[in-house]
Amino acid sequence: MLTVENVTKKYKKLVAIDELSFRLNDGETGVLLGPNGAGKSTIIKCIAGLLQFTGTIEINGISNKDLDAKRQLGYVPEVPTLYDTLTIDEHLEFIRRAYKSDNKQYMEDLIERFELGDKRRKLGRELSKGMQQKVSICCALIHDPSVIIFDEPLVGLDPHAIKELKALINELKAAGKTILISTHMIDTIEETWDVVNIMMNGKIAATRHNTDIMKAGEKSLDELFFEITEGRLDG
Ligand code: ADP
Ligand code: MG
């Protein structure tokens, strides 16, 4: 479960996140959909505990500032930030030990499914953007978190890795994980989402649940998105 309540984040005078609230129940997959600059990465960094904010964020009912909450959270940043001089193996081993996970087999499984096996000895700085992204995803999952947030995860991946990642997200969902994915591309949203929050100017402008039956005359997600982002609807 992920709870965001009345969160505000300012960068000096700029209000990047404005009294934002939303909630994902256990096992739910949520999408934050919004144009560049809407505040997706900012709220995700607040959730990941990388930025100071006002308001409340809880992971499974525990404040995200608490170590117990951090243990239950996996975070895939928008831009992978690897260590230049650690190999892929060393990255995964380091993160695995930092989280005190004994599950070496899961680490091997992740390496295999992202086809990193033959590159295990390559250094962070020697990897392409796509490969760094794959390592970053593995690092986020290695401690088997129950809440996982992905910031624009498909950007920079090749078609095979996109397919793998989508399959992996479906598996994580089937395993009951709570997942939050941000994207600015409406056409990358899969049918697996449970709830989409359309973000604009640091606020949620509209919410759609997958279970909602489209009523006659109701706008599709596409229509809603373009109306909001092109300024034809009020907040
Ligand atoms: P998104 O991920 O939806 O594209 P961001 O969360 O990155 O949006 O940005 C939201 C707003 O905050 C934008 O106006 C952006 O320019 C601004 N912003 C983001 N990071 C910083 C920062 N470190 N310092 C100042 N302004 C920032
Ligand atoms: Mg972003």
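The model is predicted. An open sheet of six strands runs in the order β6-β7-β8-β3-β9-β10. A magnesium ion (ligand 2) is coordinated by Ser41 and Glu78. The count of disulfides comes to zero.

**The sheet**

- Strands of a sheet pair through backbone hydrogen bonds, either parallel or antiparallel.
- The edge strands are β6 and β10 (residues 203-209), and each of them pairs on one side only.
- Neighbouring strands of the sheet are turned by 15° against each other on average, direction ignored.
- Strand β9 (residues 195-200) pairs with β10 in the antiparallel sense, over six bridges.
- Across this pair, Met200 stands opposite Lys203 in β10.
- Helix α5 (residues 129-141) packs on the sheet, where it touches β6 and β7 (residues 147-151).
- The direction of α5 makes about 170° with that of β6.

**Asn197, a residue inside the sheet**

- Asn197 is found in strand β9.
- Is Asn197 buried or exposed? Its relative accessibility is 6%, so Asn197 counts as buried.
- Asn197 and Leu33 are 164 residues apart along the chain, yet their C-alpha atoms are separated by 6.1 Å.

**Helix α7**

- Which residues of helix α7 (residues 221-229) are buried? They are Leu221, Leu224, Phe225, Glu227 and Ile228.
- Seen down the axis of α7, these buried residues fall within an arc of 170°, so they line one face of the helix.
- What covers them includes β3 (residues 29-33), β9 and β10.
- Just after α7 comes Gly231, with a positive phi of about 75°.

**Helix α3**

- The buried residues of α3 are Ile88, His91, Leu92, Glu93, Ile95 and Arg96.
- These buried residues pack against α4 (residues 104-113) and α5.
- α3 is followed by Lys100, whose phi is positive, near 55°.
- His91 has its place in α3. At 4% relative accessibility, His91 counts as buried.
- Not counting residues up to four places away in sequence, His91 touches Leu82, Tyr83, Leu86, Gly124, Val135 and Cys139.
- Asp89 also has its place in helix α3. At 23% relative accessibility, Asp89 counts as partly exposed.
- Which residues does Asp89 touch, not counting those up to four places away in sequence? They are Ile111 and Arg120.
- Asp89 and Val135 are 46 residues apart in sequence, and 9.5 Å apart in space from C-alpha to C-alpha.

**The magnesium site**

- The magnesium ion (ligand 2) is coordinated by the OG atom of Ser41 and the OE atom of Glu78, at 2.1 to 2.5 Å.
- Where in the chain do Ser41 and Glu78 lie? Ser41 lies in helix α1 (residues 40-47), and Glu78 in the loop between β6 (residues 73-76) and α3 (residues 88-98).
- The pair therefore ties together parts that are 37 residues apart in sequence.
- Ser41 counts as buried, at 15% relative accessibility.
- Glu78 is partly exposed, with a relative accessible area of 35%.

**The cysteines**

- A disulfide is a covalent bond between the sulfur atoms of two cysteines.
- How many disulfides does the model have? The count is zero.
- Cys139 counts as buried, at 13% relative accessibility.
- Cys46 is buried too, with a relative accessible area of 0%.

Technical notes: Residues numbered from 1 in each chain as written. Chains lettered and ligands numbered in written order. Predicted model: local features only at pLDDT ≥ 70, side-chain atom pairs only at ≥ 80, totals over all residues. Heavy atoms only, no water. Disulfide = S-S within 2.5 Å. Buried < 20%, exposed > 50% of the residue type's maximum accessible area, 1.4 Å probe, protein only. Donors = N, O, S within 2.8 Å, 3.2 Å for Na, K, Ca; no water. Helix = DSSP H or I, 4+ residues; strand = E, 2+ residues; numbered from the N terminus. Pairing = 2+ DSSP bridges. Axes fitted to C-alpha atoms, helices over the stretch in contact; angles between N-to-C directions. Contact = heavy atoms within 4.5 Å. Arc of directions from axis to C-beta.
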